[in-house]
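The sequence and structure are shown first.

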Amino acid sequence: MANFSIDPDITKARTLSTDFYNKPRHLEEAKEKIFSRCWQLVGDTDQVKDPGWVTPVHILENYLSEPVVLSCDKERNIHCFSNVCTHRGNLIVENPCKVNDIRCKYHGRRFSLDGRFLSMPEFKEVKDFPSEADNLHHLPLHKWGKWLFTSLSGGIEASAFFKEMTERVSWMPFDQFVYRPDLSREYKVEANWALYCENFLEGFHIPFVHAGLNSVIDYGNYSVELHRYSSLQLGVSKDGENCFDLPPGSPDFGKKVAGYYFWVFPNMMFNFYPWGLSINVVKPTAVTKCVVSFMAYVWDENKLRQGAGAALHQVELEDEDIVQNVQKGVRSRFYNYGRYSATREQGTHHFHRLIAEFMG
Ligand code: FES
Ligand SMILES: [Fe+2]
């Protein structure tokens, strides 16, 4: 049995046991212990814009693989519920569509737009029917800006994950952020999901790995803030480089912020640049494989090709390359653990402590 404890004192701590990145059973355990207890992105409000819209979503396909539906009811309330028919388990909604009620194709069971059982043919003789169990399982929904999140087994309030980020950038006009499929894409990475996240969580490697990014970011002023289930890395731009035009109400007013790199445990990154937002979701697919989904939401088109958020594809390939090498390294019989830089790796240490806490 691996021991995933991490010393809270970064100056004494050893890094996470390499078993976490190599043993399939830990990835399997992390499904319930980590992922189902935390919040996952389901989509955005544009996917269920008008009453009657229903959109199917697979939460972390090939891992949690939980089929859910987003819907907008007649009163414009948005819901998230299971996409599995309570009769014999058929998937009900196959494609985004506009409907009056939801009807299962298999034997015609009908549900309302908030997932409640409405009717079913040939069930008159069935005792104690319908019951609560015949409604589609309802899931909690957290809305932040235009983004929608759910938690499969609940337990921890959404505010514990999102509050600091929400407050920090509350001045941004999220309704003006437009999803851009042409700027969004997925990357297949041959590495454990946590290796990808822990690389994101330190700016230590920027001067070594990202020459282009390093030329616009002021490495000396790069800072990290740790919260209970999230953290923020604040990238400050070098003189003359593109930065946010912050309003006086922002807590960062007066600073030359090139990018806010928010991370929400366990696998979501919200990178705000003067042009908009790049959301990255790291999706485990096997113990040494993951898919990283980059979703771009543009706010100011004119700033797209400037500053820290200009060459995201290039930066991604540089990260991918190094993280894949690390995956090969952590397999070695001669590498069991490392140590942290107390000044540059607080974010990674914080992440490892959370993994240890949830897996423990
Ligand atoms: S499985 Fe849906 S009606 Fe039978
Ligand atoms: Fe990087």
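## Tyrosine 179

Leaving aside residues up to four places away in sequence, tyrosine 179 touches Asp44, Ser184, Met295, Ala296 and Tyr297. The model is predicted. Tyrosine 179 belongs to strand E12, which covers residues 178-179.

The relative accessible area of tyrosine 179 is 33%. Tyrosine 179 and tryptophan 299 are separated by 120 residues in sequence, while their C-alpha atoms are 9.3 Å apart in space.

## Serine 231

Serine 231 is part of strand E15, residues 230-236. With a relative accessibility of 1%, serine 231 is classed as buried, because the cut-off for that class is under 20%. Not counting residues up to four places away in sequence, the contacts of serine 231 are Leu201, Glu225, Leu226, Tyr261, Phe262, Trp263 and His350.

## Packing of H4 and H8

Two packed helices are described by the angle between their axes and the distance between the axes. For H4 and H8, the angle is about 145 degrees and the axes are 8 Å apart. Their crossing is right-handed.

On the H4 side, the contact is formed by Trp193, Ala194, Cys197 and Glu198, which meet Thr348, Phe351, His352 and Ile355 in H8. By class, the residues of this contact comprise 5 nonpolar, 2 polar and 1 charged.

## Largest pocket

Rolling a probe the size of a water molecule over the atoms shows where empty space is left. The largest pocket holds about 630 Å³ of space. It is lined by 29 residues, of which Val42, Val57, Lys283, Ser293 and Met295 are the closest to its centre.

At least two lining residues of the largest pocket come from each of strands E1 (40-44), E2 (53-59), E13 (185-189), E18 (276-286) and E19 (289-298). The lining of this pocket consists of 14 nonpolar, 9 polar and 6 charged residues. Met295, one of the residues closest to the centre of the largest pocket, is also among the contacts of tyrosine 179.

## Second largest pocket

The second largest pocket contains about 390 Å³ of space. Among its 21 lining residues, Glu198, Glu202, Val326, Glu345 and Thr348 are the closest to its centre. Helices H4 (193-200), H7 (312-329) and H8 (346-359) each contribute at least two residues to the lining of the second largest pocket, which has 10 nonpolar, 7 polar and 4 charged residues.

Glu198 and Thr348, both listed as closest to the centre of this pocket, also take part in the contact of H4 with H8.

Definitions and conventions: Residues are numbered from 1 along each chain as its sequence is written. Chains are lettered from A and ligands numbered from 1 in the order in which they are written. This is a predicted model: local features need pLDDT of at least 70, side-chain atom pairs count only at pLDDT 80 or more; totals for chains, interfaces and linings use all residues. Side-chain values use heavy atoms; hydrogens and water are left out. On a 1 Å grid over the protein atoms alone, a cavity is a set of points where a 1.4 Å probe fits but cannot get out, and a pocket is an open set with protein on both sides within 12 Å along at least five of seven lines; lining residues have an atom within 4 Å of a point. Grid points are joined across faces, edges and corners, and a volume is the space filled by probe spheres set on the points. Helices (H or I, at least four residues) and strands (E, at least two) are DSSP runs, numbered from the N terminus. Ala, Val, Leu, Ile, Met, Phe, Trp, Tyr, Cys and Pro count as nonpolar, Asp, Glu, Lys and Arg as charged, and the others, Gly among them, as polar. Buried means under 20% relative accessible area, exposed over 50%, partly exposed in between (1.4 Å probe, protein chains only). Contact means heavy atoms within 4.5 Å. Axes are lines fitted to C-alpha atoms, for helices over the stretch in contact, and angles run from 0 to 180 degrees between N-to-C directions. A crossing is left-handed if the near helix is turned anticlockwise from the far one by less than a right angle, and right-handed if clockwise.
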